[in-house]
Amino acid sequence: MHLTHLSLTNFRTFTRLDMDVPRRTLLLVGDNAQGKTTLLEAIYLLATFTSFHAQNDRQMINFLEAREPLAVARLVAEYIRAEQPHRIEMRLIQEANGGSVPRFRKEILMDGVKRTVYEAMGQFTAVVFLPQSMRVIEGSPDDRRRYLNLTLAQAVPGYSRALSEYAQALTQRNALLKQLGERGGDADQLSYWDTIIAERGAFLIHVRIAALQELEQLATRIHHRLTNGQEVLQIIYQPGYDPVPAPEGQFSLPLRNKIDRSGLNEERIRKGMLQGLVERRREEIARGVTTLGPHRDEIRFLSNGIDLGDYGSRGQVRTAMLALKLAEVSWMKNRTGEWPILLLDEILAELDMKRRADLQSFLSEYEQTMLTTTDLHLFDPQFVSDGTVWRVEQGLVCMPQL
């Protein structure tokens, strides 16, 4: 898969942009705050319908346009998938509704036909690496679950819908738990929500087990090369409901001791999770919150047995995250049969010469890559000459005079 044309209207700093996109490698060069990362954000938004910068969708409408009674930001990507041309469009619409707060909605069109997020997810795929991507390793469990969800939703059919239905059922169950704790009542009212949570949760956990195992196999090989064979990367999955119980008398296992869950089927996970929800009812009613399920999953990243989230250096974390992102590209290709677009924001800034060279050799293998930089001299001259270089200045994209 590759992007052929990108059109933006009233999206952040870009009031109007139309550009044909080169097939292989595109280098976007410019000073800070000129719009380079915004271009990557637009492409990733069309892949996941989620911004990696904005706290809410309203922020993505150009601030001058947003003053109007009717404000519309429009993003359009034309791309080739399975040798067929396609078009995906996203509209962010803010309109007056008679009150002080305007109404906001978004529309998605696939080849001119309106679609839901669930229907459109996975049709256009992208992988992004940003300076803040290190939060996946160094940040909270929420950061790691969010990363995993955005990755799997693009490549696993039904994942996005199951995740949404799980979240809705979890909200309802927590509200009921709180009500039962405060007012009393029949605990069997929880059975309906238990069934939904166990079904959707089992699907999510089953998919995560397989995906993380596959990602680790790919990431370990890349990481081994990036570290010149000196470090071994491990990805440890700790599910919020573990279908493999700890041995009797043992409360927990050290992180470095991995558990093989690859032979578990979805039905076994569902039954075990449903039983666990029933067994914990009294405790959860007292606490007013569901304590078991994939919403409490954790993922840890180890290098040579050391937890990078707690003890990794900046360079180690960046290298591990880069290996994970490159593995993500190959994993999506294996899963879908199509290369995702790889988006890299200031990727070389904190890498040494050896790792820069290794990274650029990896990038030559991919279908389409877009990179931003403030300094073109960080790249190998041959890599630059093999790609296309555009300059971004104050929301305008132009060919530089090299």
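Trainee: Two strands pair if DSSP finds at least two bridges between them. Strands themselves are DSSP runs of E, at least two residues, and helices are runs of H or I, at least four, numbered from the N terminus. Which residue stands opposite Ile93 in β6?

Mentor: Arg105. This is a predicted model, where local features need pLDDT of at least 70, side-chain atom pairs count only at pLDDT 80 or more, and totals for chains, interfaces and linings use all residues. Residues are numbered from 1 along each chain as its sequence is written, and side-chain values use heavy atoms, leaving out hydrogens and water.

Trainee: How many bridges join β5 to β6?

Mentor: 8, between residues 84-95 and residues 103-110, running antiparallel.

Trainee: And what is the strand order in that open sheet?

Mentor: β2-β1-β4-β5-β6-β7, 6 strands with antiparallel pairing. β2 (14-20) and β7 (113-115) are the edge strands, each pairing on one side only.

Trainee: Switching topic. How many aromatic pairs are there?

Mentor: The count is 5. Rings of Phe, Tyr and Trp (its six-membered ring) pair if their centres lie within 6.5 Å; planes under 30 degrees apart are stacked, over 60 edge-to-face, the rest tilted.

Trainee: Why is the Trp339 and Tyr366 pair called tilted?

Mentor: Because their planes are at 50°, with the centres 5.4 Å apart. Trp339 and Tyr366 are both buried.

Technical notes: Buried means under 20% relative accessible area, exposed over 50%, partly exposed in between (1.4 Å probe, protein chains only).
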